[in-house]
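Please open the model in your viewer and keep the selection tool at hand.

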Amino acid sequence: MRELAAGIRYLGRGQRWVLGHGRWLGFGLLPALITLVLYAAALAALAFWADDVVAWATPFADDWASPWPGLLRGVFAVLLWVAVLLLAVLTFTAVTLLVGDPFYERLSEEVERSEGDCPEGADRPLWQELWISLRDSLYLLWRASLWGVPLFFLGFVPVLGQTVVPAAGFAVAGFFLTVELASVGLQRRDVPVRERLRLLRGRRALALGFGVPLVLLYLLPLAAVVLMPGAVAGAALLVRDLMGEDGAAEPAPPGGPETAAGVPGGGPATAPGWAPPRG
């Protein structure tokens, strides 16, 4: 519970940071506004074609007696919208970070400098940074789909599909949203994407505490645009904790559950000076 609360605190600290630095708030809003326009157009197209998509996906129900075709297609339409919304929440951050990579990199660096120091990133050209971000985002989207696709079909199971599955879907979306946002700071430290996943799996409660409330808030109209700069700022603070660079971070309790590395609190990979393994 302490880790879960810490994730929520980092989200709040990030929002407070950008509200206290109004110039950076405006700086971080522009990429999110551009992405919002693109997503609004895509969702409007889905709304226009939704009936056709549902009818195409359920041709076997054409000969069923009333009211079963309408009931089945209604459930399918609801599940489709839930799946699309969760996908939109997850990919909105990835696309916004890609569109605003130079913006959010500067914002993340400024947050870390305000905390005392900021590690120097690798000196790469902009096109190479964008390519790495795109490649990593596609990898994370593929990993998220390994959970999302089974959850979508489990949504058809009575009771389970209306209770446990949506909760699991929000947890999956929240975890991968945290990974995506933390990638800004972790990429600057040259931590590869698979290692980012391993680090956050070792602090799963921290990742969920940060990401799940953000997923729920993103479902509110325009909230994703307004909260995006603060989410990037909060993720920069979370990364410092994750890498053991935050002096205020609380140590893991003795005898606590072990991480994927096999040691409490994140193992050697969370200590300062981490470097990717050779080879």
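Begin by selecting Y39 and F92: both residues are buried, a word that here means under 20% relative accessible area, with exposed meaning over 50% and partly exposed in between (1.4 Å probe, protein chains only). The model is a predicted one, in which local features need pLDDT of at least 70 and side-chain atom pairs count only at pLDDT 80 or more, while totals for chains, interfaces and linings use all residues. Residues are numbered from 1 along each chain as its sequence is written, and side-chain values use heavy atoms, with hydrogens and water left out.

**The aromatic rings**

A pair of aromatic rings is described by the distance of the centres and the angle of the planes. Rings of Phe, Tyr and Trp (its six-membered ring) pair if their centres lie within 6.5 Å; planes under 30 degrees apart count as stacked, over 60 as edge-to-face and the rest as tilted. The whole structure holds 4 aromatic pairs. For Y39 and F92, the ring centres are 5.6 Å apart and the planes stand at 75°, so this pair is edge-to-face. Y39 belongs to helix α2 (residues 22-57) and F92 to helix α3 (residues 68-99), so the pair links parts of the chain 53 residues apart; helices are DSSP runs (H or I, at least four residues), numbered from the N terminus.

**Helix α8**

Now select residues 204-218, which form helix α8. Among the buried residues of α8 are L206, F210, L214 and Y218.

**Q15**

Move to Q15 in helix α1 (residues 2-20). Is Q15 buried or exposed? With a relative accessible area of 16%, Q15 is buried. Q15 touches L227, G230 and A231, not counting residues up to four places away in sequence; contact means heavy atoms within 4.5 Å. A polar atom of the Q15 side chain lies 3.1 Å from the backbone oxygen of L227.

Key: Helix = DSSP H or I, 4+ residues; strand = E, 2+ residues; numbered from the N terminus. Expected span 1.5 Å × (residues − 1). Polar contact = N/O pair within 3.5 Å; in protein donor to acceptor, adjacent residues only side chain to side chain.
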